[in-house]
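Reader: I'm new to this structure and would like a close look at just one part of it. Could you pick a spot and walk me through what surrounds it?

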Amino acid sequence: MFWLIFGIFGMTLFSHKFGYCDKITKMGVGKHHCEGEWKIYPFNFDTIFNSMVTLFVISTFDWLCAIWYMAINSNYEEFGPTRFKNEWPAYVFFVSFLLIGSIFFLGFLAGIIFVNFTQKKSQLINPHLTLE
């Protein structure tokens, strides 16, 4: 549920904005001015499925810097990536996702460990009790 909310929020901010021209490496080259092929980064927010995959990759901190850089420079296809075009929305989105996500999942993990610990403790105190 938490990831779905951030997936939809990511689609609102970054949908169809993670494209680039493969021939020209400078910023500000749009889809129509591209002399090569217009490509889309593999981790994007174009669909809800892609958003969920991108959020999973972000949560593993694997491609975090690359995706964050793409989001900061994201712009519409007509204009291509523009340096620091989407800077503050990207900062707010990624920092809030990482902080809230890590706090939420850390609390979830601590809850699971606590429940398992209390179950094992009750089994040690009274070995005749079973959980079945």
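Author: Let's start with serine 15, which touches Gly10, Phe45 and Asp46, leaving out residues up to four places away in sequence. Bear in mind that this is a predicted model. Serine 15 sits in the loop between helix H1 (2-14) and strand E1 (19-21). Is serine 15 buried or exposed? Its relative accessibility is 19%, and buried means under 20%, so serine 15 counts as buried.

Now step back into H1 itself. H1 packs with helix H4 (residues 87-125) at an angle of about 175 degrees, and their axes are 11 Å apart. Angles over 145 degrees count as roughly antiparallel, so that is what H1 is to H4. Who meets whom here? On the H1 side you'll find Phe2, Trp3, Phe6, Phe9, Gly10, Leu13 and Phe14. Gly10, then, turns up both here and among the contacts of serine 15. Across from them, H4 brings Pro89, Ala90, Phe93, Phe94, Ser96, Phe97, Ile100, Gly101 and Phe105. Sort the residues of this H1 and H4 contact by type and you get 13 nonpolar, three polar and no charged.

Another helix packs against this pair. The buried residues of helix H2 (residues 48-59) pack against H1, helix H3 (64-72) and H4. Those buried residues are Ser51, Thr54, Leu55, Val57 and Ile58. They cover an arc of only 160 degrees around the axis, so they lie on the same side of H2. As for the length of H2, its twelve residues should span 16 Å at 1.5 Å a residue, and its end C-alpha atoms are 16 Å apart, which agrees.

Just after H2 comes phenylalanine 61, with a positive phi of about 60 degrees. Aspartate 62 lies in the loop between H2 and H3, and with a relative accessibility of 60% it counts as exposed. From aspartate 62 to tyrosine 91 is 29 residues in sequence and 18 Å in space, C-alpha to C-alpha.

One more loop to visit: asparagine 75 is in the one between H3 and H4. Its relative accessible area is 10%, so asparagine 75 is buried. Setting aside neighbours within four places in sequence, asparagine 75 is in contact with His16, Lys17, Gly80, Thr82 and Lys85.

Note on methods:
Residues numbered from 1 in each chain as written. Predicted model: local features only at pLDDT ≥ 70, side-chain atom pairs only at ≥ 80, totals over all residues. Heavy atoms only, no water. Helix = DSSP H or I, 4+ residues; strand = E, 2+ residues; numbered from the N terminus. Buried < 20%, exposed > 50% of the residue type's maximum accessible area, 1.4 Å probe, protein only. Contact = heavy atoms within 4.5 Å. Axes fitted to C-alpha atoms, helices over the stretch in contact; angles between N-to-C directions. Parallel < 35°, antiparallel > 145°, perpendicular 65-115°, else oblique. Nonpolar A, V, L, I, M, F, W, Y, C, P; charged D, E, K, R; others polar. Expected span 1.5 Å × (residues − 1). Arc of directions from axis to C-beta.
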